[in-house]
Amino acid sequence: MIQISTNPFSRQTRNLLKEMVRTDFKLRYQNSAIGYLWSLLKPLFLFAILYTVFTQILRIGADIPGYPVYLLTGILIWSFFQETTATSVTSIVSKGSLIRKINIPKYLIVVASALSSLINLGLSLVVLALFIAFTANTTVMWSLVLFVPLLIIQLFILATSIAFIVSAMYVKFRDISYIWDLLLRAGFYVTPILYPLQIVPEMVQKLLLLNPAAQIIQDLRRILVLPNDTIQIYDVFSWPMYLVPFVITVLIAIFAIYYFKKQAIDFAENV
Amino acid sequence: MSQDYAIKVENMSKEFLLPHNKKTSLKQTVIGLVKRDNTYEVQEALKDVSFEIKKGEFFGVVGRNGSGKSTLLKIMAGIYTPTRGSVKVNGTIVPFIELGVGFNPELSGRDNVFLNGALLGFSREEMEEMYDEIVEFAELERFMDQKLKNYSSGMQVRLAFSIAIRAKGDILLLDEVLAVGDKAFQEKCVDVFEKYKASNKTVILVTHSMTTVEEYCDRAMLLNKGLIHKIDNPQIIAQDYQSENKKTYLKSEAKQRDRQDKKTLESKDISIKLLNKDDKEASNFKPGETATIKISWKNPKIKNVGVALVKQTGDYIFGANTILDGFDIKNKAVSYSIKLDLGSGDYLVKAGFFGDTDQDKIDFVNDGPKIIVDSPEEQRWGGVIHLEHEWKS
């Protein structure tokens with residue numbers, strides 16, 4: 001309860017963040033027999049269902065070599081985005097008793113929740129790596145593998161920024177949790193997770209790829225799964241138009257910081 | 001730059017905007033925007049408050065509920081931001097608005113120690129060093145791997161307190177910490193207070209306990225409805241606080257008595273009427289006039305009725321009952337006439353209802369009708385009761 005400085009790099013802030021992530025991660029799957037294995041099983045089950053549907057019934061992915069890994073990449077990335085933003089909506093309000101009694105940097109609450117989702121993503125990526133290693137039709141572009149962490153960072157910034165916005169909005173407007181839930185459902189289909197972009201007209205491809213989440217998923221697929229069959233933003237746009245998803249990410253981040261900072265002053269009174 | 005203040009508050013006001021109809025959904029907000037009924041009530045919790053707390057001072061903040069104490073403490077702790085004015089803090093603050101902040105019932109005692117420690121600004125390594133001492137001080141060695149939700153509230157407080165006293169800071173903000181816990185725990189608190197006092201730390205204590213204020217504080221502040229009523233030595237503040245409390249207490253007590261008596265009269269089906277010599281309901285009488293008190297009731301168990309006259313000061317003037325007077329009650333009603341040889345003033349009629357014996361109390365009306373005795377001309381005698389008298393020479 002010592003006034004913890006808002007400097008994100010101070011020793012105390014780092015200690016507190018570490019402890020909060022630890023708590024968050026522990027609480028997520030406590031009382032369940034297999035614990036955080038669930039965080040791996042959830043996307044894997046979703047993957048199994050969708051894979052069956054889209055190769056056996058709808059047959060969208062049946063012709064694509066390496067479709068399972070292609071699908072899994074999309075699902076894992078989207079799961080992280082969904083988990084981070086959806087769990088953070090109520091994070092500030094649910095920590096109300098803390099906020100009303102002690103002055104801690106409020107952003108730590110959101111960042112801690114996002115970091116514990118990131119740990120899950122890390123575990124998922126290990127599983128993905130195994131899939132890639134044991135699937136015959138995939139090709140890893142080793143020369144571009146170094147971009148993978150950068151893309152994960154972009155994903156983390158995007159998801160955390162949105163988490164900042166929705167969690168701060170939820171303090172005043174409780175409708176946001178429902179609205180965001182609906183938007184996520186729409187986002188699942190707007191983002192090319194299930195289907196290859198080839199099946200939609202070029203105009204739609206362009207539009208869909210402006211979404212940073214789509215850009216990230218496609219970039220990762222190109223590097224890790226199917227270099228030849230993945231359409232990226234760079235294929236449909238030329239310089240400087242293909243920077244749009246990155247600019248959107250940055251703008252969302254800037255707005256998130258501005259909005260969250262402004263709202264955080266009154267959290268103690270409003271939660 | 002060396003400064004001798006620990007906290008300096010200048011012209012500080014805190015307002016809370018209380019929406020008349022709190023809007024927590026977008027729909028309500030939209031409707032509110034259209035209808036333009038986004039009205040707020042501005043509640044001023046603190047009004048233009050200025051004061052200074054010196055380094056090393058043990059400073060008490062007292063005041064009735066709603067006087068702004070806790071708001072002030074939360075502003076000093078940086079939880080709330082002041083609406084106007086400034087709060088300057090010279091040093092590190094350790095606020096104890098509540099013990100065990102951040103405690104999570106689903107985590108083990110051990111995990112909670114580390115989480116709470118991090119909130120206090122300690123690293124994991126520092127906490128590991130102190131861990132055994134904390135557990136020992138809390139006397140919870142056997143329970144540390146159990147979930148906190150299985151702790152008794154006393155155990156939780158002990159654990160929280162054991163961690164809290166480790167906190168390092170120059171300025172301590174304490175809010176009613178002493179209000180919880182048993183005698184032994186309070187003694188531990190007192191020891192810690194003594195230690196703080198001896199080590200010359202600045203302590204700001206919000207409390208209702210005047211003994212604590214008088215015993216430990218160097219100075220104290222009395223808040224009243226968001227204003228500083230007085231800053232003075234603890235004895236004077238304690239006196240002011242107590243007299244302020246007494247006033248409101250007496251007021252509310254009188255109100256409550258009124259309400260209660262009305263309730264008993266209505267609910268118990270007892271009627272007490274005060275009549276003058278013309279059999280009309282009245283309350284004003286002249287000295288020497290006869291008043292008739294008509295009492296009726298519904299409870300058939302009532303066998304004996306007593307009527308008493310009491311001065312508003314509580315002095316018992318006169319009382320009689322039917323058994324002692326050898327009067328037999330019929331038809332659940334009596335009429336009691338009394339000659340008011342009384343001095344000017346207000347007299348309260350009280351009535352008691354009994355069964356077969358005096359011990360068998362059935363009901364009591366403490367606030368019956370009021371008899372106002374008013375002399376039309378100047379009263380030529382003094383006192384309450386007019387006694388037959390004679391002068392001789």
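Two residues are in contact if their C-beta atoms, placed from the backbone, lie within 7 Å. The model shown is predicted: local features need pLDDT of at least 70, side-chain atom pairs count only at pLDDT 80 or more, and totals for chains, interfaces and linings use all residues. Residues are numbered from 1 along each chain as its sequence is written, and chains are lettered from A and ligands numbered from 1 in the order in which they are written.

**View 1. Surroundings of B:Ile204 in the largest nonpolar core.** Leaving aside residues up to four places away in sequence, B:Ile204 touches B:Ile53, B:Phe59, B:Val61, B:Met76, B:Ile171, B:Leu172, B:Leu173 and B:Leu174. A nonpolar core is a set of buried Ala, Val, Leu, Ile, Met, Phe, Trp, Tyr and Cys residues joined through C-beta atoms within 7 Å; a residue is buried if 20 or more other C-beta atoms lie within 10 Å of its own, exposed if 12 or fewer, and partly exposed in between. The largest such core has 128 residues, of which A:Ile77, A:Val166, B:Leu173 and B:Ile204 touch the most other members. Helix 7 (residues 147-172) of chain A gives this core its largest share, 12 residues. Helices (H or I, at least four residues) and strands (E, at least two) are DSSP runs, numbered from the N terminus.

**View 2. Side of chain B that touches chain A.** Here 34 residues of chain B are in contact with 25 residues of chain A. Helix 3 of chain B supplies the largest share of this side of chain B, five residues.

**View 3. Crossing of helix 2 and helix 3 of chain A.** The axes of helix 2 (residues 37-57) and helix 3 (residues 67-88) of chain A come within 10 Å and cross at roughly 135°. Axes are lines fitted to C-alpha atoms, for helices over the stretch in contact, and angles run from 0 to 180 degrees between N-to-C directions. Among the residues making the contact are A:Leu46 and A:Leu50 of helix 2 of chain A and A:Leu72 and A:Ile75 of helix 3 of chain A.

**View 4. Cis peptide bond at A:Pro240.** The bond from A:Trp239 to A:Pro240 is cis, with omega near -5°. A:Pro240 lies in the loop between helix 11 (233-236) and helix 12 (244-264) of chain A.

**View 5. Positive phi at B:Asn331.** B:Asn331, a residue other than glycine, has phi near 60°. The loop between strand 14 (316-321) and strand 15 (333-339) of chain B holds B:Asn331. With 6 other C-beta atoms within 10 Å, B:Asn331 is exposed.
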